[in-house]
Amino acid sequence: MRSDHMDVKHKIELLKRGAVDFVGEEELHEKLAAGKKLKVKFGADPSAPDLHLGHLVVLRKLKAFQDMGHEIVFLIGDFTGMIGDPSGKSETRKPLTRETVELNARTYQDQIFKVLDPKKTKVVYNSKWLSKMDLVSVMKLMSQYSVARMLERADFKERFKSNKEISIIEFLYPLMQGYDSVELESDVELGGHDQIFNLLVGRELQKSYGKAQQTVITMPLLEGTDGKLKMSKSYGNYIGFTDTPKDIYGKTMSIPDDLMVKYYTLLTDLSDKELKVMEKAIKSGELHPKKAKSDLAKILVSLFYGSDAADKAENEFDAVFKDNKLPQDIPLVKVSKNHLSDGKMSVSKLIHISGLLDSVGEAKRMIKGGGVKMDGKKITDENLLVDLGSEKLLSVGKRKYARVICG
RNA sequence: GGAGAGGUGGCCGAGCGGUUAAUGGCAACAGACUGUAAAUCUGUCGACGCAAGUCUACGGAGGUUCGAAUCCUCCCCUCUCCA
């Protein structure tokens with residue numbers, strides 16, 4: 001089936017929405033016009049199977065391709081994962097065992113298929129071809145690139161300039177990842193903007209190896225909940241696919257207000273027009289930033305858990321943080337008798353034992369700072385003896401609760 | 001192979017024989033305020049102990065000293081310049 005010119009143009013516009021880079025538009029245009037079913041590559045390291053909203057940005061774009069009938073090739077970098085993508089504070093990774101890779105890959109798929117259609121997704125492992133390469137092939141691969149070009153990569157450049165270590169093997173990473181594109185004959189490769197260098201290497205290697213070149217599309221990096229650094233597991237500023245509804249909601253509420261428009265742009269289907277309207281409304285005070293945020297929080301919870309869960313999360317949040325009520329599910333902690341003397345224990349110790357805080361000292365400091373309550377009353381005496389004959393409700397701040405009983 | 005610089009708490013970064021559990025910044029946590037786990041301001045920020053205090057910590061192992069993150073020896077790691 002052939003698509004007419006306008007149709008193709010429209011599709012490309014749609015695919016371009018929100019993208020930072022879009023390299024190789026002509027090739028894409030030609031293929032779409034010819035009615036070709038595209039192979040869209042998306043690669044992932046099997047080491048961190050905890051996807052977050054940053055990934056969602058890219059996954060949504062993949063979904064757009066899928067909805068147009070194209071095939072997603074989800075590449076699991078089990079081989080390249082042994083090196084690890086150079087990332088600032090790089091360290092040599094311990095090689096993953098086969099089982100770990102399998103397990104991580106499994107988890108990864110469980111997560112991406114919350115967004116993508118498994119039927120239109122092919123999963124491949126790059127160890128299939130990379131582990132079989134002999135030194136001659138590796139040398140051929142290496143001869144395609146120069147050190148100077150490698151150092152163009154922002155990450156390397158920075159480390160080189162500030163005299164940080166760069167291992168030679170890290171130079172191999174972009175080459176191997178790029179070689180995957182040669183092997184797969186991918187038509188399009190998608191990734192976060194931080195992947196631009198690697199993706200372009202893939203495009204160039206395809207040319208060197210006499211293949212058609214892939215179109216490279218990158219999506220912006222989403223700032224994390226701190227509003228500064230990119231969302232990432234290692235910065236601890238992420239909202240994960242597997243987070244509880246409560247956490248997705250709460251973490252979303254902790255995003256700085258002024259990031260709302262960006263989040264809406266990258267994580268929802270609002271059109272550019274609607275976004276503009278919203279931006280204005282927030283500025284003029286018509287739309288309270290909190291409202292924009294709680295709406296977004298609900299959208300996100302719904303995406304992973306459905307709208308009922310979203311409503312529930314909102315109610316719970318309002319109850320706890322707006323009306324100062326208690327959350328619904330407070331874990332019950334049983335304290336063994338051996339820890340008690342005469343059925344009693346000091347609050348500080350109790351807080352530590354019940355797992356609310358990491359040490360007794362910390363609990364004492366919290367009490368001094370006025371952050372601890374028992375049965376709704378603020379505790380001021382850090383040595384207060386608590387009789388565990390009956391259940392006690394402890395809270396530290398508004399986010400940590402435990403019901404404690406002797407058991 | 002030679003010469004030099006350096007490795008400090010979650011991160012960045014001072015200190016260079018003793019009032020140093022180690023200045024400062026960031027992050028984190030709590031409090032106040034708020035229609036938010038936004039913003040802002042304040043406080044806390046090694047562990048154990050009711051406490052006096054004890055222990056653990058400045059790449060690793062030894063050593064010198066009444067006393068070491070600070071000096072010495074060896075080892076490991078990183079960077080720079082030269083060959």
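A polar backbone atom of G361 lies 3.1 Å from a phosphate oxygen of RNA strand B.

Next, pick K293. An N or O atom in the K293 side chain is 2.7 Å from a base oxygen of RNA strand B. Then click on K290, where a polar side-chain atom sits 3.2 Å from a sugar or linking oxygen of RNA strand B.

Which elements give two or more residues to the surface near RNA strand B? Colour these five stretches to see them: helix 11 (245-253), helix 14 (289-305), helix 15 (307-322), helix 16 (347-353) and helix 17 (360-368).

Now show everything around the RNA. There are 34 residues around RNA strand B, and S254, D257, K290, K293 and R365 come nearest. Of the atoms of RNA strand B that come within 4 Å of the protein, 74% belong to sugar and phosphate.

For the last stop, switch to colouring by confidence. Chain A has a mean pLDDT of 91, with 95% of its residues at 70 or more. Finally, select residues 87-92, where pLDDT stays under 50. Where pLDDT is low, the predicted coordinates should not be read in detail. For the complex, the predictor gives an ipTM of 0.87 and a pTM of 0.87.

Note on methods
Residues are numbered from 1 along each chain as its sequence is written. Chains are lettered from A and ligands numbered from 1 in the order in which they are written. This is a predicted model: local features need pLDDT of at least 70, side-chain atom pairs count only at pLDDT 80 or more; totals for chains, interfaces and linings use all residues. Side-chain values use heavy atoms; hydrogens and water are left out. A residue is near a molecule or strand if one of its heavy atoms lies within 4 Å of it. A polar contact is a pair of N or O atoms within 3.5 Å; within protein, one must be able to donate a hydrogen and the other to accept it, and residues adjacent in sequence count only if both atoms are side-chain atoms. Helices (H or I, at least four residues) and strands (E, at least two) are DSSP runs, numbered from the N terminus. pLDDT is the predictor's confidence in each residue, from 0 to 100. Contact means heavy atoms within 4.5 Å.
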